[in-house]
Amino acid sequence: MTAEKKKEIFKTYGTSVYDTGSSKAQVALFTYRINYLSNHLKNNKKDFNTERALVKLVGKRKKLLKYIEKRDINSYKNIIKHLGLRK
């Protein structure tokens, strides 16, 4: 992942380019990485280390989404809709 792509994600989902700590920006970054790793695993089925990293990222994203849902339900619904997640 390039630095430009990270800045673009943080600019879109955070309050600024340098807003790397907000939970919304982190969920967006995790979603991008999850999609990338999923595509990688389609081509490399026996890459078990990447598979483990993917499972850990999904768990982290789930916890952050649960946190956002408890804090602000409208923000949660907005980010789910914008990222195209299932809920």
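Reader: Does Lys5 count as buried, partly exposed or exposed, and why?
Author: This is a predicted model. Lys5 has 25% relative accessibility. Buried would need under 20%, and exposed over 50%. Lys5 therefore counts as partly exposed.

Reader: Which residue forms a salt bridge with Lys5?
Author: Side chains of opposite charge can pair when their charged atoms come close. The cut-off for a salt bridge is 4 Å. For Lys5, the closest N and O atoms of the pair are 3.6 Å apart. The partner is Glu8.

Reader: In which helix do Lys5 and Glu8 lie?
Author: The two residues are 3 residues apart. That is about one turn of the helix. Both lie in helix H1.

Reader: How many salt bridges does the structure hold?
Author: Lys5 and Glu8 form a salt bridge. The count for the structure is 1.

Reader: Within what arc do the buried residues of H4 fall, seen down its axis?
Author: Helix H4 covers residues 73-83. Its buried residues are Ser75, Tyr76, Ile79, Ile80 and Leu83. They line one face of the helix, because seen down the axis of H4 they fall within an arc of 130°.

Reader: Which exposed residues does the face of H4 turned away from its buried side carry?
Author: The buried residues of H4 pack against helices H1, H2 and H3. The face turned away from that buried side carries exposed residues. These are Asn74, Lys77, Lys81 and His82.

Reader: Which residue just after H4 takes a positive phi?
Author: H4 spans residues 73-83. Just after H4, phi is positive, at about 75°. The residue is Gly84.

Note on methods: Residues are numbered from 1 along each chain as its sequence is written. This is a predicted model: local features need pLDDT of at least 70, side-chain atom pairs count only at pLDDT 80 or more; totals for chains, interfaces and linings use all residues. Side-chain values use heavy atoms; hydrogens and water are left out. Buried means under 20% relative accessible area, exposed over 50%, partly exposed in between (1.4 Å probe, protein chains only). Helices (H or I, at least four residues) and strands (E, at least two) are DSSP runs, numbered from the N terminus. The arc is that of the directions from the helix axis to the C-beta atoms. Contact means heavy atoms within 4.5 Å. A salt bridge is a side-chain nitrogen of Lys or Arg within 4 Å of a carboxyl oxygen of Asp or Glu.
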